[in-house]
Amino acid sequence: MKTDLEIAQENTIDNIEKIARKAKIDPDFLELYGKTKAKIDLKIMDKISENKNGKLILVTAINPTKAGEGKSTTTIGLVDGLAMCNKMVIGCLREPSLGPVFGLKGGATGGGYAQVVPMEEINLHFTGDMHAITTANNLISAVLDNHIYQGNELNIDPERVVWKRCMDMNDRTLRSITIAQDKKTNGVERKDGFIITVATEIMAILCLSKDLQDFKQKVSRAVVAYTFDGKPVTVGDLKVEGAVTLVMKEAMKPNLVQTLEKTPVFIHGGPFANIAHGCNSLIATRMALKLSDYVVTEAGFGADLGAEKFFDIKCRMGDLKPNAVVIVATVRALKMHGGVAADQLKEENVDAVMRGIANLQKHIESIQLFRVPYVVAINKFSSDTHNEVNAVLQWCRQNHHPVVLSDAWANGGAGAVDLAQEVVRLCEQESHFTPLYDLNESLENKIETIVRKIYGGRSVIYSEKAQAQLQEFKDAGWDHLPVCMAKTPNSLSDDGKVVGRPENFDIHVSELRISAGAGFVVVLTGNIMTMPGLPKDPAALHMGVNEKGISYGIF
């Protein structure tokens, strides 16, 4: 069996100018990055602004497991399936982070015969967006510490600096550090730390900005520290928003690539869904909606994280109205949610599937709250037995949930035609999209609404620090913002070891963080980390380039 990388390397990639013509992108707005990828000049929006919006489809999933759910594979397969149905379609995906690529998760370009290419370049440096975000973030850190060293005109309390440095790599040793040691000329010594680039507010602002000037306005509002008398200090106070915007000028432009079957895809922005909002850029989504009849996008992790943020943050801020939702599940993952160990997944176990289906049921119920038509997509694996697949199909039909078997991994677009046809049918229905909560509610009510209605939890328990912050944020006028819940993706609870559909559990809030520039309040739950660590056997140990110059080990 060929690896994803081998399939991608054997594929013949069309010149990106040909893909741009397919996407109705005028050559005047195309900025080539070699022959296989390009950026799109934002000025194109002036030309296409009067175009009618296409239909917006979100792909989400059950809680992820080690068995794999194939959300990106299903998304890409659906894009190709719609193209095979002669629909004008553009996919919108997030950019992969190097942390997961070299760590445990791997890349984010799909799998099998449902991939976007050039797979290697997309998963590595791509067009440099991640590096620009890292630089912009660390420029703010450098100016901030220099300001404190050079006299501290803004009266910043070094112990209340909240802006962290970043890098796009999993490195647990950088979570908590001390800077400016040894010499006074090194700066003012203080405790600091790193977060991963895709968890930064710069990333979130990139993905929620409408254009370059909107980015500048948003980043100027980002809170970096507090004064000795407790007043917030912003990027605008440091007068560095212009330089930060300059660094981000090219990164603000969406990247155009293609699927293995030559269908256009925008890949732009990549915020983590358990820390940030987990959606690709608003700029890319809006552009795609003006250029095509159907836009397929995804939100990170399960519906409890990515989909909820897509609806309550991205759609609200971008004035988007989704037309359909695809909820991805696999027999393998359902068996793990039903209590089966990872090394026993190949053995038929219909009882475990039916126990694990409770997790799928909860995510369906959550999607129903947003009043958007949906379909369950069973992402087929070769190890699935007829009885197991049939059990899921029958359960969905008996409970009146639209369901389709998708085989995009093995057959590309042809394996997702049935799903594409069902999505087209759903898009003809009326979407009554409604966010989960009103922005005028208190932060406590918003958090509790998500915990009770999306996670199925009992109550919220706040640490003393979080309780104090609730009042501080209210006093600062931030209680009207949406909330971005930072929770483990592996469970509906805040304990990643609890699978299935737990009941009577509490969510423990340890800390609140303000992303005033991005426009939301981050709520940290359980033991969530903003800088992941590498596993004992990281993927990086199995990657390289052979004597023929061919890459290996990327997945």
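**Loops, cavities and helix packing**

Me: Where is the place of phenylalanine 126?

Reply: You'll find phenylalanine 126 in the loop between α6 and α7. Those labels come from DSSP runs numbered from the N terminus: helices are H or I with at least four residues, strands are E with at least two.

Me: Before I go on, what kind of model is this?

Reply: It is a predicted model, where local features need pLDDT of at least 70, side-chain atom pairs count only at pLDDT 80 or more, and totals for chains, interfaces and linings use all residues. Residues are numbered from 1 along each chain as its sequence is written, and side-chain values use heavy atoms, with hydrogens and water left out.

Me: Back to phenylalanine 126: what is its phi?

Reply: Its phi is positive, about 50°, although phenylalanine 126 is not a glycine.

Me: And which peptide bond is cis?

Reply: The one from valine 117 to proline 118, with omega near 5°. Proline 118 sits in the loop between β6 (114–117) and α6 (119–123).

Me: Let's talk about holes. How many cavities of 30 Å³ or more are there?

Reply: Two. A cavity here is a set of points, on a 1 Å grid over the protein atoms alone, where a 1.4 Å probe fits but cannot get out; a pocket is an open set with protein on both sides within 12 Å along at least five of seven lines, and lining residues have an atom within 4 Å of a point. Grid points are joined across faces, edges and corners, and the volume is the space filled by probe spheres set on them.

Me: What volume does the largest cavity have, and what lines it?

Reply: Its volume is about 80 Å³. Phe126 is one of the lining residues, together with others including Glu95, Pro96, His125, Met130 and Asp168. Helix α7 gives the most to this lining, with three residues. By class, the lining of the largest cavity has six nonpolar, three polar and three charged residues. Nonpolar covers Ala, Val, Leu, Ile, Met, Phe, Trp, Tyr, Cys and Pro; charged covers Asp, Glu, Lys and Arg; the others, Gly among them, are polar.

Me: How much space lies in the second largest cavity?

Reply: About 30 Å³. Its lining is made of Thr75, Ile76, Val79, Gly91, Cys92, Leu93, Val116, Val265 and Val296. Both α4 (71–84) and β4 (89–93) supply at least two residues. Seven of the lining residues are nonpolar, two are polar and no residue is charged.

Me: Which residues in α7 and α8 meet?

Reply: Met130, Ile133, Ala136, Asn137 and Ile140 in α7 meet Ile202, Met203 and Leu206 in α8. They divide into seven nonpolar, one polar and no charged. Contact means heavy atoms within 4.5 Å.

Me: And how do α8 and helix α9 pack?

Reply: α8 and helix α9 (residues 212–220) pack at about 145°, and their axes are 9 Å apart. On the α8 side, Ile202, Ile205, Leu206 and Leu208 meet Asp214, Phe215, Lys218 and Val219 in α9. This contact has six nonpolar, no polar and two charged residues.

Me: Last pair: at what angle do helix α12 and helix α13 cross?

Reply: The axes of α12 (residues 282–291) and α13 (residues 303–318) cross at roughly 60° and come within 11 Å. These helices are therefore oblique to each other. Leu282, Thr285 and Arg286 in α12 meet Lys314, Met317 and Gly318 in α13. That contact splits into two nonpolar, two polar and two charged residues.

Terms used:
Axes are lines fitted to C-alpha atoms, for helices over the stretch in contact, and angles run from 0 to 180 degrees between N-to-C directions. Angles under 35 degrees count as roughly parallel, over 145 as roughly antiparallel, 65 to 115 as roughly perpendicular and the rest as oblique.
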